[in-house]
Amino acid sequence: MKRQSRAFLPHALLALAAFAAAAGAGPAEAAPVLLVSLDGLRPADVIEADARGIKVPVLRRIMAEGAYSSGVRGVLPTLTYPSHATLITGVAPGKHGISNNLTFDPTGINQIGWDWYASDFRVATLWDAAKAKGLVSVNVHWPVSVGGAADFNLPQIWRTGHDDDRKLLTALATPGLVKSLEAKLGPYAMGIDESVEGDAVRTRFAAELITEKHPALTTVYFAGIDHIEHLHGPGSPEAKQAIEATDALVGQLVDAARKADRTTVIAVVSDHGFQPVETDVNLFAPFVQAGLIRIDAAGKVTGWDAEPWLAGGSAGVVLARPDDAALVAKVRALLDTIKADPAYGIASVIDRAEIARRGGPREASFFIDLKPGYETGRNPAGPIAGPSGYKGMHGYFPEAATMRSSLFVTGPDLARHGDLGEIDMRDIAPSLARVLGVSLPEAEGKPVF
Ligand SMILES: [Zn+2]
């Protein structure tokens, strides 16, 4: 769309555009962007691929031709939804408003609802910035995209995994889009499908949209690597296989994007790293024991004053009355007690002021970080410490080196090549905004490529 419209610009406008570029108003030529997120991809699995026995020719080529980060410092918490919201806005969770994967649901009435809805963003996204400039954007399965501003939107949504989820996704996508693509490509992937095979279906749909719509901005999200790393652990043979298969899918998207416009800048990112995990910790039990959560005989929460909001390797603690000094003191004392008990595997506890300083969720009055090897267990009736449900986890405080995420980017006009070193996750959206020639004035990061 952008390229077509430029063809019709009168000469005077073209001259003006050239002058603006020469005056340093932006890059000489704005370029389309393909932004692909490989959930949970650890940077070293590509940077040290040979040593680790992982074959990722597509990602290695992007790395060799373009630029990459040795490790992207993430956000609090290092979870999929808050991190993807940062990747698309350039601000921390405390500012963009996506605080967790799951909605805070203290009495358990929301049927495990995630933060699906783009209306929860408190700041502009790259989709909004593209739209404001009249640029066409495509989205395939990026988190927090229901009702998002992408012109051609296949949002991420699921509920139960029942076949009705197909109707839900079709209804929430851009009107007519799922039907028209399915007529050509067959059934679209279910939202709940986190397999590499599901990602392969999404790849075909994304490639078709790139070919048909010539978008300036395309966002694509793949769940397969994260899914396998949770089940089998980071570095497992299964995880390596998922990374290799996903590399080939990225290759298909790169081909489609380059064919649509050879100047396309391709950025492959991830949202967080991974740690092996062995122990589930029951953080609910001490709150129940202290009377801060009340449950009935069936285990259903009937009332609460303070409750953990689980985030994998960490947990926020939300207070029903955050400004009630007596309640704050009571919860602080409880957290001091369980932190001193090694069974809980607690590495650190920070309070509201420190959470704000680190750009963490506004809803939480405290945040608990667990030690490596521990994750928050979801069963309120479970033991204080028991065998973990997963083999790999993330969500730990972003200071942990294991939580670093990935950036590999290539394009003909990249300002910098090679190793960019460690960067801040908030730098990625403003970098892409600069490539696109759009504005993200609220971004906290700064362009780094
Ligand atoms: Zn993730």
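**Strand pairing, packing and local geometry in the predicted model**

Val409 in strand E18 is the bridge partner of Ala67. The structure is a predicted model, in which local features need pLDDT of at least 70 and side-chain atom pairs count only at pLDDT 80 or more, while totals for chains, interfaces and linings use all residues. Residues are numbered from 1 along each chain as its sequence is written, and side-chain values use heavy atoms, with hydrogens and water left out. Helices (H or I, at least four residues) and strands (E, at least two) are DSSP runs numbered from the N terminus.

Strand E2 (residues 67-68) pairs with E18 in the antiparallel sense over 2 bridges; two strands are taken to pair if DSSP finds at least two bridges between them. Strand E7 (residues 265-269) is also antiparallel to E18, and 4 bridges join the two. Here Ala267 stands opposite Val409. In a regular strand the side chains alternate between the two faces of the sheet. In E18 (residues 407-410), Leu407 and Val409 point one way and Phe408 and Thr410 the other way, and all are buried (under 20% relative accessible area; exposed is over 50% and partly exposed in between, with a 1.4 Å probe and protein chains only).

Leu407 also belongs to the largest nonpolar core, which has 100 residues; together with Leu38, Ile62, Leu154, Val250 and Phe449, Leu407 touches the most other members. Such a core is a set of buried Ala, Val, Leu, Ile, Met, Phe, Trp, Tyr and Cys residues joined through side-chain atoms within 4.5 Å. Helix H13 (residues 237-260) supplies the largest share of this core, 10 residues. A second, separate core comprises 27 residues, among them Val277, Leu292, Ile338 and Phe366. Beyond four places in sequence, Leu154 touches Asn139, Val140, His141, Ala173, Leu177, Val178, Leu181, Tyr188, Phe205 and Leu209, contact meaning heavy atoms within 4.5 Å.

Leu177 and Leu181 lie in helix H10 and, with Glu182, Lys184 and Leu185, meet Arg204, Phe205, Glu208, Leu209 and Glu212 in H11. The axes of H10 (residues 177-185) and H11 (residues 196-213) come within 11 Å and cross at roughly 105°, so H10 is roughly perpendicular to H11. Axes are lines fitted to C-alpha atoms, for helices over the stretch in contact, and angles run from 0 to 180 degrees between N-to-C directions; under 35 degrees counts as roughly parallel, over 145 as roughly antiparallel, 65 to 115 as roughly perpendicular and the rest as oblique. H11 packs against H13 at about 5°, with the axes 9 Å apart, and H11 is therefore roughly parallel to H13. Residues making this contact include Val196, Ala200, Thr203 and Ala207 of H11 and Ala242, Ala245, Leu249 and Leu253 of H13.

An open sheet is formed by 4 strands in the order E11-E12-E14-E13, with antiparallel pairing. Strands E11 (306-311) and E13 (346-351) stand at the edges with a single partner strand each, so one side of each has no neighbour in the sheet. From one strand to the next the twist averages 20°. Helix H15 (residues 325-339) packs on the sheet and touches E11, E12, E13 and strand E14 (366-370), its direction making about 165° with that of E13. E11 and E12 (residues 314-319) run antiparallel and are joined by 6 bridges, with Val318 of E12 as the bridge partner of Glu307.

A cis peptide bond, with omega about 0°, joins Leu76 and Pro77. Pro77 lies in the loop between E3 and H6, as does Thr78, where the loop runs between strand E3 (71-73) and helix H6 (80-89). Thr78 is buried, with a relative accessible area of 1%. A polar atom of the Thr78 side chain lies 2.8 Å from the backbone nitrogen of Gly395. This is a polar contact, defined as a pair of N or O atoms within 3.5 Å; within protein, one must be able to donate a hydrogen and the other to accept it, and residues adjacent in sequence count only if both atoms are side-chain atoms. Beyond four places in sequence, Thr78 is in contact with residues including His272, His394, Tyr396 and Met403.

Thr125, in the loop between helix H7 (93-96) and helix H8 (126-132), is buried at 2% relative accessibility. The Thr125 side chain reaches the backbone nitrogen of Trp127 at 3.3 Å. Val144 has a positive phi of about 55° although it is not a glycine, and is buried at 0% relative accessibility. His214 has a positive phi near 45° and is partly exposed at 25%.
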